[in-house]
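Notebook open, structure loaded. I'm jotting down what I look up as I go.

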Amino acid sequence: MISDRVKSNLKRTFFQSLLPKIGLVLLVSIILMATFAPLLATHDPTRTGYYDEQGAEYPPIGHEYTGSIAEDGEIVEITVEPTSEHILGTNNVGQDVYSRFLYGARVSLLVGVLGTIMALAIGVPVGLIAGYYGGRVDDALMRVADTMLAFPALVLALALIGVFGESPVMVPDPFVMIGLADGMPEAIPIPGTVTIVVGLVSWVWFARVARGEALAIRNEEYVKAAKSFGTSDRTILLQHVLPNSLTPIIVLATIQIAVIILLEASLAYLGFSGTTLSWGYEIERGQDVLRTRPWVSMFPGIGIVLTVIGVNLLGDWFRDALDPNIEGEGR
Amino acid sequence: MSTETPDTAGAGDAPADGQPLVRVDGLEKYFWENNSLVDRLLGDDPVAVRAVDGVSFDIQEGETLGLVGESGCGKSTTGETLLRLQEPTAGRVEFDGQNVYDLEGSDLTEFRRDAQVVFQDPFSSLDPRMTIGEIVQQPLAVHDVGTEQERERRVRELLERVGLSVEQLDRYPHEFSGGQRQRIGIARALALDPEFLVLDEPTSALDVSVQAQVLNLLDDLQAEFDLTYLLISHDLSVIRHICDRVAVMYLGEIVEIGPAADVFEDPKHPYTEALLESVPRASTDEQDREIETLSGDVPSPRDPPSGCRFRTRCPKVIPPEDIDIDRAAFRAIMDLRERIEGRDISLETVGEDGQFEFEDGRLAVGDRSEFVATLKERVLDRDLPARDDAIVEEALAELAASDWEAAAERLRDEYETVCERQNPPLSGTGTETRAGAGTGTGTGTGMEKAGPSSTSDGSSADEDHPVACHLFAESGHRAPESDSR
Amino acid sequence: MTNTQQEILRVSDLSTRFFTQEGQVNAVADLDLRIERGEVFGIVGESGSGKSVTARSIMDLIEPPGEITDGSIEFHDSDLADAVRDDYPEAVDGEYVDLLEVPPEIRESLRGTSFSMIFQDPESSFNPTLTVGEQLAEAVEVQRRASSRPRSTRAKTEEYSFGSFALSTVLPSKKYVTEESRNRAIELLELVGIPDPVERADEYPHEYSGGMLQRAMIAQALAGEPDVLVADEPTTALDVTIQAQVLDLLADLQEETGMTIVLITHNLGVIARMCDRVGVMYAGEIVERGSLEDVFDEHVHPYTEGLLGSLPDLDGTTGRLQPIAGNVPSLLDSEMENRCYFADRCPKAMEDCLDHPPEYDAGGDDHEVRCVLAERRYDRTRALPDGYFGETERAAADKHADPDRTEEDVQPERAEGTVESSGGDRL
C-alpha cells in the first residue's frame, strides 16, 4: 500500500525543507520524554509537600492548598522557584513541575492518539459508506454527522462527562513494574471518558473527509471497471476506495491529534479530566500565581504548544509528500 | 469489423435469423436533480435529466456497433446502463436472451464475466495504488479463476498480447504513457475471456499515432477472440473505421441507425448529415468544401424540446403544409418563435437609449410601428415573404404590450410544425413494440407528408437503416407489419 | 495570401526549457518560425511536442520552472521600433523588434493590442463571479488605456483594489467601467456571432454553453484589435458541430480584420480547414514546414507521413491504419541523444539519422524538413538494424505474441519517460 513512490516522496519532501525536520525532532523528543518519564523524572509527580524559602522540605499535610500558609507564625511559600532540587520549581501543592511535565506528556499524547484512533474507527467507515452508496444512506448518515457538528465540541464533551462521570483508567507503569523506577507511581490514570468523548466529538471530521473522497472515487473509472467484472461492494470499498482516500485522512489524523490534545487540555483545565496528571490541569493550577510564579503554568503550556506544532508540521509534511498531484502523477 | 462489410449479420458464424447477442429495448435512464432530503423538505420537485430516453437497438454476435453523438447525448450512459453499472429507469436489455436487470446470483456472475468495458480515461481507469500486475489480475481474483500461478501466467499472457512487456508487471500506472495504460485497461477487460466489450471512447484521450495503434489492436483482438463490440465515440472517423453498424444519438434518443457505409455515405437524418459535414477532413481539398454549420447549441436534457428533439437546430424543419416558404426563412421564423416562447428578448434595450419608454410594460400606441420595425431588424436577419412578414410583425406588435403569450400564440397558430407536435419514431424497426420511444408512437395518423423530400432516394428508410425524422415518415406506415428481421 | 508577403513574426533559435525535479526538459529547442502578415499558420503535433510551449513563448507566458533560454522573437512594428530604438538599440533591427530584448513591461503592453491568445478551455478563462459583459468591458478598458499612453510606460495601472471590491458589493450598479466600454463589449459579442448580445452581456459565464464561451473568449482576445491571434487548441474541448461554427467564425474574422492567426492543434482536419502554411512539431522542434499542400501532399518527413497514416478517414477507404510505433519521446535533456529524435520510431531510420539533422530544403516554396530523406533516398543497406534503440514495446501488437521474445528485451527504461509532467502540453 505504501509504494516506493510514496516513500521517495516522503524522503524528498523531508530533506527539501526545514519544517518537517523541526516537526520530527519536536515530536520524537516529546514521545521519548513521555515514554521514559519514570526514568527521567526526579520526583514522584504526585507527591505534595511544603517547602520553606530555602527549599527545605516540610512534611506533606495531605490536602491541597493554594497561596501561602501560616505555620508557626511564619509565612511559607509553597510554590518554589526553580532550584537545583526542583529544576522547574514546584506547583502550589509542592509537586515537582518537571516530573509532572514528563508525566503530563504521557497523558496528552495517549489521549491524543487513542482519541484519534477512535475517531478514525467511527468516522472513516461511516464516511466511506455514506459517500460510496450515496442516496438515502448518505442522507441519513450525514444528517447524524451534521447534528453532531451542531454542538460545540467542548459543550458536548462536558455533557457526556456529566452523564458518564470521569472514570479514570489506571494504567500500570511497565518501568516501575520491572523495578527500574522505584519511587515513581505504580500506575498512571488515563481519563477514560475524556478519551472516548474526544473521539466522539471528532469522528465527524473524518466522516466528512472520507465521504468526500468516496464520492469522488466511486465515479473513478477503475471503480466502474471493478463493478463491471462483478467485484463486490465490500471488496471495492476495501481495495479501491479506502486506499485511495487514505492520503487526506492521514493528513487530517495528524492535525486532529493536535486538536484532541488541545481539547483534552481544555477539559482538564476546566477540571473534567479524571486525572490531575495533565498539562491542561497544571495550567489551571498555575493560573492564580501566573504573575508571581509563572513557571507553574508556563512549562505545561510550552509542552502543549510544542506538541501541537510538531504534529502539525508532520501533518504538512505528509500532505506535501502524499499529494499525488504535486509530482509524478502526470496530470 | 472489416470496414467493407455492411452486412448486418456480422460474423459468419452467427445464424442469419439468430438472436442478437445484445438487445436493448426502450432503455431509459433519468438522473434526478434536487432529490435530496433537504430539497424534499423544502418542497422542491425533483427534476429529471433525461440522459437516455427510450433507446432500442440490437447487436449481433461478432459485429461492432458504433454509438456516436456529441457530448451529453447519453451515449456513455447508455453503455453503462446496459452493463448494469447503473440501474435503468425503464426498459430492458437482453444479453444472450436473458434480461440483464433480472439476473441474480450465478447468472449475474456469468454476465459479469461475459460483458466487459474499456473506459476512456487512461488516467482514471486504473487504480493508481495497484501495480499493473494486480490490476490485470483483479477480475481473475474476483471470479476465483485458477490457482495463483495460473492467474500469474494468464496475466503475463494478456500483457504480452496487448503489446506490453512482462517486466513491467510490478510497475504502477503512473509510470506508463496514455497509450500503454489503455492497453492495460484492455488486458484487464480481456482477462475473463468475455464475449462482449463496451468500448467507451477508448481512444479519445490518445494522440493520433497512439490511437491508431490501439484501434489496430482492438481490430486484431476482435478477430482473434470473436468479440462483439459496442464502440461509443464522438469521433466519426473512428466509428467509420471500426464499426459495422452505427447508431447516431441526439439528446438521449437514437435518430438514425444502420450499416456504417449506408449511414456515412447516405445519411438520412438532418442531424447525421450536419454531423458528418462538420468534421474537418485532413486533406488539402478541405478549404474548398462548403459546409453548412448547425446553428445554436444542444438543448438541455432537463427540458428537451417537444416532438423531434432536433427541431430547434434542424435546417430542414418542416413548414406546415399550406405554407410556401423556403427553408432558411422558415428556420429563422422558428428561431424567433423559440426566443419569444422562452421570453429571451429584452424589450427595454430595443432602439437607442430611451427611444421607447415602457409604462406598466406597455408602449405608447404611437411608438409601436417604429418599435416593431426596430425589433424586427434586431431579431431577424433576413427578409421574409410578404405574408410571413406581416404575421411576424403582428406577433412583434404584441410584444410592444409585453404580451409574450399572445405573440407566441400568434406564431404558433400559423407555424406549428409536425416536428414539434410529434416525436418521429425510429421507423423501420417495428415501432409499435418500442413503447419507450418518446411521446409519439402512433405513426399512421397525424403525420402527413413532409415538405420537399430532400434526398433523391431518401423518401423511404429501409428496414436495416431506420431513421427518426418526419421527412421519412411515409415508411412509418408499413413499418409495424414488417417486424425487423 | 497577401501580396506584400511581409513577415510579421520571426522566431529564431528559440529554446524554452523547464527545470524540473527530474532534470532539464527541452520543451522547445532551436525553433525557427517565419509567420507572414495576414496568414493562418498552423502548428500541429502530438502531446509533448512543444507546440503549446511555443505559443506561450511567443506570448511571453512561460512561467517558472520554465524559461526561455535562447533565441529571439522579432515582431514587425515600425512604431514600436521607433519608440524603443533609443532606449534599446540592440533590440531593434530595421522595423523589427526583438521582444526578448526589451523589458517585460513593454512586452506586457503588447499583449492584447499586438498579440492575443485564446485557450482550449474557455470555462477556466472567465471569472465566474462577473458577467461576461463586464469582463469584456474590462478588457476593452485595459486596451484603451494601454493605447492612450506611450508604449513604454506601464499599461495596466489602475489596479483593482480591495476598496473597489468592497464598493462593488455595496453598489452593484457600478459594474461597467464606462458606458462606452460596455457598448464596445456588446459590439464584440455581436462580432463573434453571439445571438442577442445585449442580453448575453449581462449573463454570467455559467449561463453560456461551451461554444458560446469560446466565442466570448475570442471576443475578449479581439478587444485590443491584435495583429496576431495565437489560438491554442481553440476547438479541442468542443463538439464537432460547435467546432465547425467556431472555425467558421475564426476564418470570417481573419478575413474581415486581416489579422494573423497562429493556430495550434493536434487535429489535422482543423489544420487542413484553416491554415495556409503548416509546421509539424515533434520533440520540441519543427520537423517539417511548408504550405498546406507541401505538408499534406508532398511531405518528406516520415513523422508527417505517420501522422497522416494514423488517421482514419470518413469515407471508409483507409483499410488498416499505419500507426507510428512506440511512444512520444522523453524531452529530458539527459535522455536526449544527439540524433534525429524520431529515429527510434522511424520506419526509415538509417545510419545518417544518428546525426541531428539540420533543416533541409525540400523543394517548393519555403518547404523545409529536418530529415535526411530530403537529401538522399532511403537506402535499405544503410538502415539501422531492428531494435537498435532498445525495443521498449512492440509497435501495435501487430505481431503475435512470442513468449521467447521477452528474454531479449532487456531495456524497458525508456518506456517510462513520458513527458506529461513537462510542459503542460497534453493532447
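**Helix pair in chain A.** I started with helix H10 (residues 233-269) of chain A and H12(A), whose axes come within 8 Å and cross at roughly 170°. This is a predicted model, so every entry here is about a prediction. Parallel or antiparallel, then? Anything over 145 degrees counts as roughly antiparallel, so H10(A) and H12(A) are roughly antiparallel to each other.

Next I listed who makes the contact. On the H10(A) side I find, among others, Ile250(A), Thr254(A), Ile257(A), Ala258(A), Ile261(A) and Ala265(A). H12(A) answers with residues including Ile304(A), Val308(A), Val311(A), Gly315(A), Phe318(A) and Leu322(A). The spacing in these lists made me recall that an α-helix has 3.6 residues a turn, so residues three or four places apart point the same way. By type, the contact of H10(A) with H12(A) divides into 14 nonpolar, five polar and one charged.

I checked the record for chain A. An unreviewed UniProt entry annotates "transmembrane region" at 21-41, 109-135, 147-167, 187-206, 249-272 and 295-315 of chain A. I looked at two of these stretches in the model. Residues 295-315 of chain A are 100% helix, with end C-alpha atoms 30 Å apart. Residues 249-272 of chain A come out at 88% helix and 0% strand, and there the end C-alpha atoms are 29 Å apart.

**Domains of chain A.** The assignment gives domain 1 as 4-46 + 96-322 and domain 2 as 48-94. Their contact takes 13 residues from domain 1 of chain A and 10 residues from domain 2 of chain A. Which elements of domain 1 give two or more residues to that side? I get helix H4 (97-133), helix H11 (279-286) and helix H12 (295-322) of chain A. The domain 1 side that touches domain 2 of chain A splits into seven nonpolar, one polar and five charged residues.

**A covered helix in chain B.** Helix H4 (residues 132-142) of chain B has eight of its 11 residues buried, so I'd call H4(B) mostly covered. The buried ones in H4(B) include Ile132(B), Ile135(B), Gln137(B), Gln138(B) and Leu140(B). I then asked what covers the buried residues of H4(B). The cover includes helix H9 (221-228) of chain A, together with helix H5 (148-161) and helix H6 (178-190) of chain B. Just after H4(B), I noted Asp144(B) with a positive phi of about 55°.

**Chain C against chain B.** This contact takes 54 residues from chain C and 55 residues from chain B. Which helix gives the most to the chain C side? H9(C) does, with seven residues. Other helices of chain C that supply at least two residues to that side include H7 (197-201) and H12 (302-309). I sorted the chain C side that touches chain B into 24 nonpolar, 15 polar and 15 charged.

Asp13(C), in strand S1 (residues 7-20) of chain C, has a positive phi of about 50° although it is not a glycine. Asp30(C) sits in strand S2 (residues 23-36) of chain C and has a positive phi of about 45°. Buried or exposed? Asp13(C) is exposed, with 11 other C-beta atoms within 10 Å, while Asp30(C) is partly exposed, with 18. Last, I found a cis peptide bond from Pro64(C) to Pro65(C), with omega near 10°. Pro65(C) lies in the loop between helix H1 (51-58) and strand S4 (66-76) of chain C.

How values were computed. Residues numbered from 1 in each chain as written. Chains lettered and ligands numbered in written order. Predicted model: local features only at pLDDT ≥ 70, side-chain atom pairs only at ≥ 80, totals over all residues. Domains from an automatic or database assignment. Contact = placed C-beta atoms within 7 Å. Helix = DSSP H or I, 4+ residues; strand = E, 2+ residues; numbered from the N terminus. Nonpolar A, V, L, I, M, F, W, Y, C, P; charged D, E, K, R; others polar. UniProt positions renumbered as here; feature names shortened; annotations may be inferred. Axes fitted to C-alpha atoms, helices over the stretch in contact; angles between N-to-C directions. Parallel < 35°, antiparallel > 145°, perpendicular 65-115°, else oblique. Buried ≥ 20, exposed ≤ 12 C-beta atoms within 10 Å, placed from the backbone.
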